[in-house]
Amino acid sequence: MKKGRLIVISGASGVGKGTVLGIMMEKHPDFRFSVSATTRPPRPGEKEGVHYYFVTKEKFEDMIARGEFLEYDAHAKNYYGTPRAQAEEKQELGDVLLDIEPKGAMQVKQAVPDAILIFIMPPSLEELERRLRGRGDTPEDQIALRMERAAWEMAQRVWYDHVVVNDDPEKCADEILHILAKGQ
Ligand code: 5GP
């Protein structure tokens with residue numbers, strides 16, 4: 001069987017990536033989600049091995065030393081990385097979706113040049129800030145930091161293969177699925 005594709009989805013915190021990815025996976029149950037390792041604590045409702053592998057800083061640094069990451073990055077005071085083995089195992093079964101930020105996306109592109117990189121934009125910065133506040137999981141003192149980071153992330157979209165705007169998650173998911181169907 002042909003190996004699946006690596007499909008990287010990036011977009012600033014609050015852009016609705018999780019919702020868009022959820023819709024894509026509902027419509028395409030054969031997509032597999034690459035579960036990242038992180039040192040950040042779980043948020044309410046997040047499950048070990050489903051949303052992330054929650055590990056200690058020591059464990060993460062040990063995995064770095066062993067070369068176990070396809071890519072990794074430190075941001076928002078934590079490490080985040082894609083364990084290579086689980087991504088490759090999932091690729092044997094079909095297309096794999098990676099929800100990672102631009103520094104990781106760049107590393108994936110360098111390691112796997114035929115990976116497909118898709119960047120999700122908010123309709124506007126004002127709307128992004130509104131959504132971030134509305135989500136209620138980002139303390140007020142972190143909103144400005146997240147917005148600064150969002151501006152930097154959005155500037156990175158120029159080297160992505162595709163840029164889509166999320167003004168409606170269903171439409172955005174369909175647009176990405178259309179791009180991926182054309183690429184087959
Ligand atoms: P959150 O803490 O909100 O779950 O994620 C924060 C950011 O980390 C998001 O932009 C997400 O895409 C990114 N991220 C999640 N997993 C990984 C990963 O494995 N590698 C990299 N480079 N970024 C990740």
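Helices (H or I, at least four residues) and strands (E, at least two) are DSSP runs, numbered from the N terminus. The legends describe a predicted model, in which local features need pLDDT of at least 70 and side-chain atom pairs count only at pLDDT 80 or more, while totals for chains, interfaces and linings use all residues. Residues are numbered from 1 along each chain as its sequence is written, and side-chain values use heavy atoms, with hydrogens and water left out.

View 1. A pocket is an open set of points on a 1 Å grid over the protein atoms alone, where a 1.4 Å probe fits, with protein on both sides within 12 Å along at least five of seven lines; lining residues have an atom within 4 Å of a point. The volume, the space filled by probe spheres set on the points, with points joined across faces, edges and corners, is about 390 Å³ for the second largest pocket. Its lining has 21 residues, with K3, G4, R5, L6 and D95 closest to the centre. Helix α3 (residues 84–93) supplies the largest share, 5 residues.

**View 2. The largest pocket.** The largest pocket has a volume of about 1,300 Å³. Of its 44 lining residues, S13, R40, R43, Y52 and R146 lie nearest the centre. Helix α1 contributes the most to this lining, with 6 residues; other elements that each supply at least two include α5 (125–135) and α6 (140–155).

**View 3. The mixed sheet.** Four strands form an open sheet in the order β4-β3-β6-β5, with mixed pairing; two strands pair if DSSP finds at least two bridges between them. Because β4 (52–54) and β5 stand at the edges with a single partner strand each, one side of each is left without a neighbour in the sheet. Strand β3 (residues 36–38) pairs with β6 in the antiparallel sense over 2 bridges, and A37 stands opposite G81 in β6. Helix α3 lies across β5 and β6, at about 35° to β6. Contact means heavy atoms within 4.5 Å; axes are lines fitted to C-alpha atoms, for helices over the stretch in contact, and angles run from 0 to 180 degrees between N-to-C directions.

**View 4. The parallel sheet.** Five strands form an open, parallel sheet in the order β2-β7-β1-β8-β9. Its edge strands, β2 (32–33) and β9 (162–165), each pair on one side only. Strands β1 (residues 6–10) and β7 (residues 96–99) run parallel and are joined by 4 bridges, with V96 in β7 as the bridge partner of L6. Helix α1 lies across β1, β2, β7 and β8 (116–121), running at about 170° to β7.
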